[in-house]
Amino acid sequence: DTSQTPPTDTPPDTSQTPPTHLPDTSGRCNAFLATWLLKEPLRRRDLLGMAFIVAGVVLLVLGVPQTVVKLTDEVVVSEVLPSPSCWAYLSGLLLAVIALLCGAKRHAHKHPLYNLTLCALIASVTVIAARSFSSMVTLAFQGYAPPAANATTDDSVANASSASGPPAPPLAPPPAAAERTIGHVVSALRGFFRSITLGAHLEQSLQDLLRLLTLWFRYGGDARVDAALSDGFALVHVDTWLLVIPQIIARINAPQPRVRKAVQNLLLTVGRLHPQALIYPLAVASHESRPRREAERSTAASPRPDGRQAAAATSLPLFSMGRISHAEATLTMMRAHCDTLVEQALLVSNELIRVAILWPEQWHESLEQAYRRYFEQPHAGEPRGIESTLAVLAPLYARLEAGASTAHEADFVAAYAADLRSALAHCHEFRLSGDEAQLQAAWTRFYEVLRQLGRQLQQARTLQLRDVSPRLLKATNLEIAVPGTYRANAPVVAIRSFAPAIR
């Protein structure tokens, strides 16, 4: 039986695992215990039976294949069925079963082994068939890519590679399988494009659009898939893509160059006809670059105890930086035909983000996270230590040093800047000298600021826009739409002004 369990990330080495010996051991023990304790005679046929059991186990161990073979339909058709030994075994088994069935009436009632042998022969086929069927069904549901031709299953090579470095990436399918896959993908894309163009209503095409995006982002790096996508984009109306703008912007920095270029071209095409639909998501994405840049400047300027510059550590993933740069590039290209909209979108998005989480809220949250990173068990994936603690606060210190731009931020600087700067100075002294007293003095000031901010946030009920964002208060009669209200082929609900007070 060459069928194996379903493939996993670390498949067991079944080629070196012999079958269980429990039936053999229990049979021999029972024979000797019955002779010793129950005083039953040990006959020659008992010894002959035990010899057969030992021989059967030895044959099973010797018959274990040296290579792991996953029993798929391709293996059955190309290797198992054409084998002469397969047909010889099946023919012999069939003749033996027919012969035993013909003589059953005459000999079955005389010899108990007669029916036992017949059942064993039929059961051997049943076990093989059931195991093979279950293996193929499991592989069909989980998905199986045949290993490459030069792949090795030598256990010593696998152990050596795992001990010398990180595990090797999964094997790629052979060229023939990859060609078939790309062919199916191209056909599927053409079908989806055809279904979308024939759709009576845009909302009914959403499911096809999402499936098309899945194929695009997964296989778009292939030249044939890219060509099929280019042909399909020319068939689909631009308004259709408004349903999946967030999904497309999320892949604006796809790793495949073809996908990245196609995404940017499609966004620019949509932006020419519907700039209002793209302007807010792209503006928000470009705003995300500020925390990263501020953290890099602040952290790089902080000396380490060994005299080297500290590496920037922030919570933004690396791929986010690429998405931000491409979002900024797309906005720059859109300025050629809607410069006023881009300026207004950047103003509104940046100021709304400023109002959404003010400096007291940012410092309160970051101080809690810094405390947890140093003194308590951090959340999963969070680093610990003084370096990670200061990395949390680095973007906020950069903004503090840049100065306040609103009255509300100026009040924060007057109330807390002295304590925060003093605490940072104590942290730098601790990093240079290792004196625990410096760290204790730093956290005394940090905790005092944290306690005062907690009371202030509980008392805050209403914000005056002139204090938190005077630029929004002055922004009137804008061309840009109210966020979330834009609809294609409908009048634009533009922003006339902002309320002077925010609850």
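Where is Asn 489 found? Asn 489 sits in the loop between H21 and E2. Helices (H or I, at least four residues) and strands (E, at least two) are DSSP runs, numbered from the N terminus.

This is a predicted model, in which local features need pLDDT of at least 70 and side-chain atom pairs count only at pLDDT 80 or more, while totals for chains, interfaces and linings use all residues. Residues are numbered from 1 along each chain as its sequence is written, and side-chain values use heavy atoms, with hydrogens and water left out.

## The loop between H21 and E2

Asn 489 is not a glycine, yet its phi is positive, at about 60°. Asn 477 is found in the loop between helix H21 (470–474) and strand E2 (501–502). The phi of Asn 477 is near 50°, again a positive value in a residue other than glycine.

Burial is described here by relative accessible area: buried means under 20%, exposed over 50%, and partly exposed in between (1.4 Å probe, protein chains only). Asn 489 counts as exposed at 74% relative accessibility, and Asn 477 counts as exposed at 61%.

Helix H9 covers residues 206–219 and has 14 residues. From its first C-alpha to its last, H9 reaches 20 Å, close to the 20 Å expected at 1.5 Å a residue. That expected span is 1.5 Å times one less than the number of residues in the helix.

Which residues of H9 are buried? They are Asp 208, Leu 209, Leu 212, Leu 213, Leu 215, Trp 216 and Phe 217. The cover over these buried residues includes helix H8 (175–198), helix H10 (223–235), helix H11 (245–250) and helix H12 (257–273).

Helix H12 also holds Gln 264. Gln 264 counts as buried, at 17% relative accessibility. With neighbours within four places in sequence left aside, Gln 264 is in contact (heavy atoms within 4.5 Å) with His 326, Ala 329, Thr 330 and Met 333.

## A nonpolar surface patch

Val 80, Leu 81, Trp 87, Tyr 89, Leu 90 and Val 125 make a nonpolar surface patch of about 510 Å². Patches are made of residues with over 30% relative accessible area and no salt bridge; like charges are joined within 9 Å, and nonpolar side chains (Val, Leu, Ile, Met, Phe, Trp, Tyr) within 5 Å. Accessible areas come from the Shrake-Rupley method with a 1.4 Å probe, and for residues only the protein chains shown count as cover.

Helix H4 (residues 84–102) gives the largest share of the nonpolar patch, three residues. Val 80 lies in helix H3 (residues 73–80) and counts as partly exposed, at 32% relative accessibility.

## Salt bridges

Side chains of opposite charge can pair when their charged atoms come close. A salt bridge is taken here as a side-chain nitrogen of Lys or Arg within 4 Å of a carboxyl oxygen of Asp or Glu. How many salt bridges does a search of the whole structure find? The search finds 11 salt bridges. Among them are these pairs:

| Pair | Distance, N to O |
|---|---|
| Arg 224 and Asp 222 | 3.4 Å |
| Arg 335 and Asp 339 | 2.9 Å |
| Glu 401 and Arg 421 | 3.2 Å |

In the pair of Arg 224 and Asp 222, Arg 224 counts as partly exposed at 38% relative accessibility, and Asp 222 counts as partly exposed at 22%.

Arg 335 and Asp 339 are separated by about one helical turn, because they are four residues apart in helix H15 (residues 318–356). Arg 335 is partly exposed at 27% relative accessibility, and Asp 339 is partly exposed with a relative accessible area of 37%.

The salt bridge between Glu 401 and Arg 421 joins two helices. Glu 401 lies in helix H17 (residues 386–402) and Arg 421 in helix H18 (residues 407–433), so the pair ties together parts that are 20 residues apart in sequence. Glu 401 is exposed, with a relative accessible area of 52%, whereas Arg 421 counts as partly exposed at 37%. Elsewhere, salt bridges that share partners join Glu 351, Arg 354, Glu 409 and Arg 471 into one network.

## Cysteines

A disulfide is counted when a pair of cysteine sulfur atoms lies within 2.5 Å. By this rule the structure has zero disulfides. Cys 338 is buried, with a relative accessible area of 8%, and Cys 427 is buried, with a relative accessible area of 2%.
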